[in-house]
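Here is a short briefing to read with the structure open beside you.

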Amino acid sequence: MKNELILLCVLFPFFLFAQPSSQKEVTAELIDLHEVTGDDENFEGYERLKEKIGEAEIVMLGEQSHGDATTFQTKIKLIKYLHQEMGFEILAFESSLYECDRAWSMMQQGHDAKDAFAKGLNPMWSTLEEFNPLFEYVGQQMVQDPLMIAGFDSQLTGKIGVDYFAKDLTAYIASFADVTPYQKDIEKLQAFINTTRALEKVKKKKATQYMTCAQRLIDLVESNPNSERSSFWRQTLTGLKVFVSDHSLGTDDRDQKMAENLTWLKEKYPGKKIICWGATSHFLYNSSTVQMEEERIRKALGDYYLTHSMMGDYVKEKYGDAVYTIGFIAHEGSFGAFGMSTLAQPKTNSLEYLIGKSPNDNYFLPLQNLSLQNYVSRPLGHQYMTNDIAKVMDAVVFNRYMRKPYTDWDYLLYLVPENNMGPKRLAKMKKALEERKKREKVQ
């Protein structure tokens, strides 16, 4: 009995340390973000947020599902704060490295900021009304305090890829070599971009041919290593090769390539701090610890996180505490990039329920000092995750009310003419949108 008491006394501090954080401890860490809709720039109390982010040089702003309007609005407010008060100078998107670079170049040359910026982004963001405040902000800052636009994705999904890729690559090669022997390679890669943009399948035989074309061009670019643009085109073409392979040959190297692209961007601009915009699933670190609660989700994922390192794993391993990863959760509402889903009221053992007891609607919760292993949470696709959220990200933003985004249907047809939507279908979609706005305004 005596020995058992001694053992209990020795182990008690460890049991105490492992206890989950209490409601009081979580509430004490909450930072009120105030309103996040419209052009609200009330940053009162944000100095605590600044203190938590500290000296980080890369801040990763996630999102649950690509269909989260309130998350987008919150991210735009945080971007303004990071830019204005913390000296962040680059905004890098989960969009094509090449297309965002081209968009930024166009903006610097006086092209309309929204037009260039939107054409460089993935249409799942650029065609939304919620993005207009960001387009406006970046445009307004161009003269005195520019917020540079960049991309880190290997996928080419914007309109710029369709309009300029072949022209730009041809011009680059012509600056140091005879482009004639490579013209067919360039044309084939342009055909791949156009095909995937139109959401058409690419057969394996064709994909293999496209990869051979990309490799020939990579070898050519590497023969001109001293050119200022050589490293950029190498990143673009190696990324495009990954895109072809992942799209048609069953590989899955996108996250690793995105991490390589972000590393390339950081090393190209070593003195500049970077904000990243993308899915939380890509930005997680320690991702192999992720456990989804529902069996159907686990089956659908096929224990994906156990077998695949995410972009955040690579970036965190390289830069450590210089990276600060922020996820998002919501208490209630609707979401959806395609269609609409309704969020169920949170479970009583969830982080959403715990924070929801606090009086305000939007909070920033630093996770460094918390142990949340006994709380489920919904940062990934609004599906419950059972592992400790504090082990896979540095902070989480809580929004009480989530809303599905509003699509700007006219702008969508401008950016994505491949959609081929007829006038009757367009009128129907616009009418449905206006009716939804009216319903949500009443609520």
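**A glycine in a loop**

Gly336 is found in the loop between β6 (323-335) and β7 (341-343). Please keep in mind that this is a predicted model.

- Is Gly336 buried or exposed? With a relative accessibility of 8%, Gly336 counts as buried, because buried means under 20% relative accessible area.
- Leaving out residues up to four places away in sequence, Gly336 touches Gly67, Lys404 and Pro405.
- Gly336 and Arg403 are 67 residues apart in sequence, yet their C-alpha atoms are 8.5 Å apart in space.

**Helices α9 and α10**

- The axes of α9 (residues 159-174) and helix α10 (residues 183-197) come within 9 Å and cross at roughly 165 degrees. That angle makes α9 roughly antiparallel to α10, because angles over 145 degrees count as roughly antiparallel.
- The crossing of α9 and α10 is right-handed.
- On the α9 side, the contact is made by Lys159, Gly161, Val162, Phe165, Ala166, Leu169, Thr170 and Ile173. Their partners on α10 are Gln183, Ile186, Leu189, Gln190, Ile193, Asn194 and Arg197.
- Asp185 also has its place in helix α10, and Asp185 is buried, with a relative accessible area of 4%.
- Which residues does Asp185 touch, not counting those up to four places away in sequence? They are Cys213, Arg216 and Leu217.
- Asp185 and Tyr210 are 25 residues apart along the chain, and 7.7 Å separates their C-alpha atoms.

**Helices α11 and α12**

- Helix α11 (residues 204-222) packs with α12 at an angle of about 165 degrees, and their axes are 9 Å apart. α11 is therefore roughly antiparallel to α12.
- What is the hand of the crossing of α11 and α12? This crossing is left-handed.
- α11 makes the contact through Lys204, Ala207, Tyr210, Met211, Ala214, Gln215, Leu217, Ile218, Val221 and Glu222. From α12 come Ser230, Trp233, Arg234, Leu237, Thr238, Lys241, Val244, Ser245 and Ser248.
- Thr236 lies in helix α12 and counts as buried, at 5% relative accessibility. Beyond its neighbours within four places in sequence, Thr236 is in contact with Leu97, Tyr98 and Phe165.

**Helix α17 and what covers it**

- Helix α17 spans residues 311-319, and its residues Met311, Gly312, Asp313, Val315 and Lys316 are buried.
- What covers the buried residues of α17? The cover includes β2 (58-61), β4 (148-153), α13 (254-268), α14 (280-283) and β6.
- After α17 comes Gly320, which has a positive phi, near 55 degrees.

**Aromatic rings**

- A pair of aromatic rings is described by the distance of the centres and the angle of the planes.
- How many aromatic pairs are there? The count comes to 27 aromatic pairs.
- One of these pairs, Tyr172 with Trp233, is stacked, at 6.0 Å centre to centre and 25 degrees between the planes. This pair links distant parts of the chain, with Tyr172 in helix α9 and Trp233 in helix α12 (residues 230-248), 61 residues apart.
- Tyr172 counts as buried, at 6% relative accessibility, and Trp233 counts as buried too, at 3%.
- Tyr304 and Tyr305 form an aromatic pair that is edge-to-face, with 6.1 Å centre to centre and 85 degrees between the planes. Tyr305 is buried, with a relative accessible area of 9%.
- Phe72, Phe93, Phe117, Trp125, Phe131, Phe135 and Trp277 are linked by ring pairs into a cluster.

**Charges over rings**

- Where does the charged end of Lys318 sit? It sits over the ring of Tyr319, 5.7 Å from the ring's centre.
- The ring of Tyr406 has the charged end of Lys437 over it, 5.1 Å from the ring's centre.

Conventions. Residues are numbered from 1 along each chain as its sequence is written. This is a predicted model: local features need pLDDT of at least 70, side-chain atom pairs count only at pLDDT 80 or more; totals for chains, interfaces and linings use all residues. Side-chain values use heavy atoms; hydrogens and water are left out. Rings of Phe, Tyr and Trp (its six-membered ring) pair if their centres lie within 6.5 Å; planes under 30 degrees apart count as stacked, over 60 as edge-to-face and the rest as tilted. Helices (H or I, at least four residues) and strands (E, at least two) are DSSP runs, numbered from the N terminus. Buried means under 20% relative accessible area, exposed over 50%, partly exposed in between (1.4 Å probe, protein chains only). A charge sits over a ring if NZ of Lys or CZ of Arg is within 6 Å of the ring centre and within 35 degrees of the ring normal. Axes are lines fitted to C-alpha atoms, for helices over the stretch in contact, and angles run from 0 to 180 degrees between N-to-C directions. Angles under 35 degrees count as roughly parallel, over 145 as roughly antiparallel, 65 to 115 as roughly perpendicular and the rest as oblique. A crossing is left-handed if the near helix is turned anticlockwise from the far one by less than a right angle, and right-handed if clockwise. Contact means heavy atoms within 4.5 Å.
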